[in-house]
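Biologist: I am new to this structure. Please show me how to read it.

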Amino acid sequence: MKVAVATTQDLFVRGGGATSHAEGLVRALSSLGHEVEMVQLPFGWSSKVEVLRQAYQWRLLDLRDSGAHLVVTLKFPAFYVRADRKIAWILHQHRPLYDNFDLPEYSAFSSRHAEDVAIRDAVRGWDNRYLAEMRRIFTNSRTVADRLRRYNALEGEPLYHPPPGAERLHPGEFGDYVLWVGRLEANKRPGLLLQALARTRRPVRAVYAGDGALREELRAEARRLGVEPRVDFRGFVSEEERIALYAGARAVVYAPFSEDFGYVTLEAFLAEKPVITTLDAGGPVEFVRDGVNGFVAKDPAGVAAAIDAYADPALAREHGRAGRQAYGDTIPSWPQVCARLLEGA
């Protein structure tokens, strides 16, 4: 089968879950003998109205005579592409116009501005119209499916998938640090770990593997809280170092705000490390069971208590093994994912 995978492209951005998702799908389909092409358009953020221009660009893109037997769309506004047969596997919609609307820490859009409301209403209307063209709608998590139902009255089937490099992750010793992996940006809430460190009873170290706009602000916050000697900001790390950091961690702290899916939880479980997250983390809470394979806290004090609990390496080991079991029970292989996507297509 000739399959086109349609998604957006963030220029000059290293890594990212959406990119890894698309690349993983292309590799998996190709390995199964399908002829696959990636179709991408750059996504820009230069202004609010740029969102509308991006939507127009994707609707003008016509793949009906491309030879593709099926088009799989992943990320807004790739849903809008014209195709005879298309399915959606939604990573997320444009959240600044959905659940993050009117949340200034996560979205520039506000109901105080008539133009913002008009853009929001236009995009939501187009999402309804063009997602209705799909033969089937999948989402990458229950969290995304719940949003789709809440805001668009559309049903999507959650379909999990393995994280990139899953086969290379492995367990190791339980070291003296908790690990944070990801971009240092507001929606990932990296400062929450610093707030927790300031409340721990034991001088546990924290290692941050990732970089972003908040790096210097976080360094200043660590100094202000008096935990700077206990924090190691590694910046972007190589694949080898990231794998080694997972293997040597005592636990992984992953507490973004309403994450769509989140590879970090799955990566930690593959390394047999427990995960500390929060009630409002979204995707991670679909996998982390409080007191079984990690802890689900409600605030920084709860995260601190969880970190202190893992001073007992036996508990960390028990929860880490339970996490590995949860992964095996929950996450399908890429061939199984592809079979489900292509079923009836």
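Modeller: We will take the sheet, then the helices, then the salt bridges.

Modeller: This is a predicted model, in which local features need pLDDT of at least 70, side-chain atom pairs count only at pLDDT 80 or more, and totals for chains, interfaces and linings use all residues. Residues are numbered from 1 along each chain as its sequence is written, and side-chain values use heavy atoms, with hydrogens and water left out.

Biologist: What is the order of the strands in the open sheet?

Modeller: The general idea comes before the case. Strands of a sheet pair through backbone hydrogen bonds, either parallel or antiparallel. Helices (H or I, at least four residues) and strands (E, at least two) are DSSP runs, numbered from the N terminus. Two strands count as paired if DSSP finds at least two bridges between them. Here 6 strands form an open sheet in the order β2-β1-β3-β4-β5-β6, and the pairing is parallel. β2 (35–42) and β6 (157–158) are at the edges with a single partner strand each, so one side of each has no neighbour in the sheet.

Biologist: How many bridges join β3 to β4?

Modeller: Strand β3 (residues 70–73) and strand β4 (residues 86–90) run parallel, joined by 3 bridges. Val71 stands opposite Lys86 in β4.

Biologist: Which strands does helix α1 lie across?

Modeller: Contact means heavy atoms within 4.5 Å. Axes are lines fitted to C-alpha atoms, for helices over the stretch in contact, and angles run from 0 to 180 degrees between N-to-C directions. Helix α1 (residues 17–31) lies across β1 (2–9), β2, β3 and β4, at about 165° to β2. Helix α2 (residues 50–60) lies across β1, β2 and β4, at about 150° to β2.

Biologist: How many salt bridges does a search of the whole structure find?

Modeller: Side chains of opposite charge can pair when their charged atoms come close. A salt bridge is a side-chain nitrogen of Lys or Arg within 4 Å of a carboxyl oxygen of Asp or Glu. The whole structure has 31 salt bridges. One of them joins Asp99 to Arg95, with the closest N and O atoms 2.7 Å apart.

Biologist: Are Asp99 and Arg95 buried or exposed?

Modeller: Buried means under 20% relative accessible area, exposed over 50%, partly exposed in between (1.4 Å probe, protein chains only). Asp99 and Arg95 are both buried.

Biologist: Which residue forms a salt bridge with Arg149?

Modeller: Glu155 does, with the closest N and O atoms 2.9 Å apart. Arg149 counts as partly exposed because its relative accessibility is 38%. Glu155 counts as exposed, at 52%.

Biologist: Which residues are linked in a network of salt bridges?

Modeller: Glu167, Arg168, Glu239, Arg242 and Glu267 make up that network.
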